[in-house]
Amino acid sequence: MKKENKKPLLTTRQIVIVGILGAITAVLALTPLGFVPIGPLNATTMHIPVLIAAFIEGPVVGGFVGLIFGLSSLFNAVTRPTPISFVFYNPLISILPRVLLGVISAYIFRFFKTVDGKKLRALGLVAWIGVVGFLAYGLYKNIAAKTYGASALLNGVFLIGSVVLLLWIRKKQVQGSAVALSAFLSTILHSAMVMGGIYIFFAEDFVRAMGAPQTLVNTVIFGTIITSGVPEGILAGIVATGVVTAWTASKNK
């Protein structure tokens with residue numbers, strides 16, 4: 001009897017994609033490019049390649065790129081420590097949530113692709129209008145404070161980009177709505193997993209390192225999910241929507 005050929009875990013193309021997006025993730029993790037100011041907040045971009053990998057190639061590829069993200073985060077914490085880096089020495093915080101991000105986000109995206117087109121477009125439009133409003137408010141705050149530096153410039157660029165994507169989704173891009181919503185929800189989930197791990201293992205030490213009173217443990221940790229997760233979700237939605245829709249369009253030609 002002939003032995004059946006086992007299907008490889010990753011195809012050659014998927015290995016290449018893991019390598020490219022993993023390298024981008026590592027560069028973002030080890031350079032200032034990993035953080036982008038949006039209004040008064042800083043948003044990380046390090047998780048975006050993980051989302052793109054999950055959306056275009058599925059949970060296995062997403063999980064591998066997430067693993068690279070986690071290892072880069074751990075390496076960064078060890079080699080360039082900050083007052084809160086000690087929490088990322090724990091792989092359950094630095095690595096596991098990033099792998100899960102790559103896996104879970106792929107299934108979130110698959111779910112949204114099954115939603116009725118009209119309903120999905122309507123939901124995406126509502127969410128994207130909220131994004132435009134958030135960015136417009138951030139730009140207004142920059143102008144009111146007369147701060148016209150990199151933060152205001154980037155805020156303006158992302159505002160223009162989000163308006164363009166909003167018009168694109170409204171016109172015909174049903175998949176764009178699925179990508180944007182999946183990216184936003186996955187990012188919030190990622191923040192919740194990381195901060196949840198910090199709460200379980202290092203709640204008091206983390207708050208002390210942040211210079212906040214111990215009585216504000218819940219406020220600091222769970223408030224970070226919103227203050228970090230929302231701008232990061234917006235940024236992820238903008239970038240992932242542009243990249244994934246362009247990737248899909250190029251494959252369909």
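Biologist: How do the axes of helix 2 and helix 3 cross?
Modeller: The axes of helix 2 and helix 3 (residues 59-79) come within 7 Å and cross at roughly 165°. That makes helix 2 roughly antiparallel to helix 3 (angles under 35 degrees count as roughly parallel, over 145 as roughly antiparallel, 65 to 115 as roughly perpendicular and the rest as oblique). Axes here are lines fitted to C-alpha atoms, for helices over the stretch in contact, with angles from 0 to 180 degrees between N-to-C directions. Bear in mind that this is a predicted model, where local features need pLDDT of at least 70, side-chain atom pairs count only at pLDDT 80 or more, and totals for chains, interfaces and linings use all residues. Residues are numbered from 1 along each chain as its sequence is written, and side-chain values use heavy atoms, leaving out hydrogens and water.

Biologist: And where does helix 5 cross helix 2?
Modeller: Helix 2 (residues 48-57) and helix 5 have axes that come within 8 Å and cross at roughly 45°. That makes helix 2 oblique to helix 5.

Biologist: Is the crossing with helix 5 left-handed or right-handed?
Modeller: Helix 2 passes helix 5 in a right-handed crossing, and its crossing with helix 3 is right-handed too. A crossing is right-handed if the near helix is turned clockwise from the far one by less than a right angle, and left-handed if anticlockwise.

Biologist: How many residues of helix 2 are buried?
Modeller: Ten of its ten residues are buried, among them Ile48, Phe55 and Glu57. Buried means under 20% relative accessible area, exposed over 50%, partly exposed in between (1.4 Å probe, protein chains only). Across the 253 residues of the chain, 46% count as buried.

Biologist: What follows helix 2?
Modeller: Gly58 does, with a positive phi near 100°.

Biologist: Switching to the surface, which residues form the nonpolar patch?
Modeller: Leu92, Leu96, Leu100, Tyr199, Ile200, Phe201 and Phe222 form it, with about 640 Å² of accessible area together. Helix 8 (174-209) and helix 5 (96-114) each supply at least two of its residues, and helix 8 gives the most, with three.

Biologist: Why does Leu92 count as partly exposed?
Modeller: Because its relative accessibility is 43%. Leu92 lies in helix 4 (residues 91-94).

Biologist: Last one: how many helices and strands are there?
Modeller: The chain has nine helices and two strands, where helices (H or I, at least four residues) and strands (E, at least two) are DSSP runs numbered from the N terminus.

Methods:
Patches are made of residues with over 30% relative accessible area and no salt bridge: like charges are joined within 9 Å, nonpolar side chains (Val, Leu, Ile, Met, Phe, Trp, Tyr) within 5 Å. Accessible areas come from the Shrake-Rupley method with a 1.4 Å probe; for residues, only the protein chains shown count as cover. A salt bridge is a side-chain nitrogen of Lys or Arg within 4 Å of a carboxyl oxygen of Asp or Glu.
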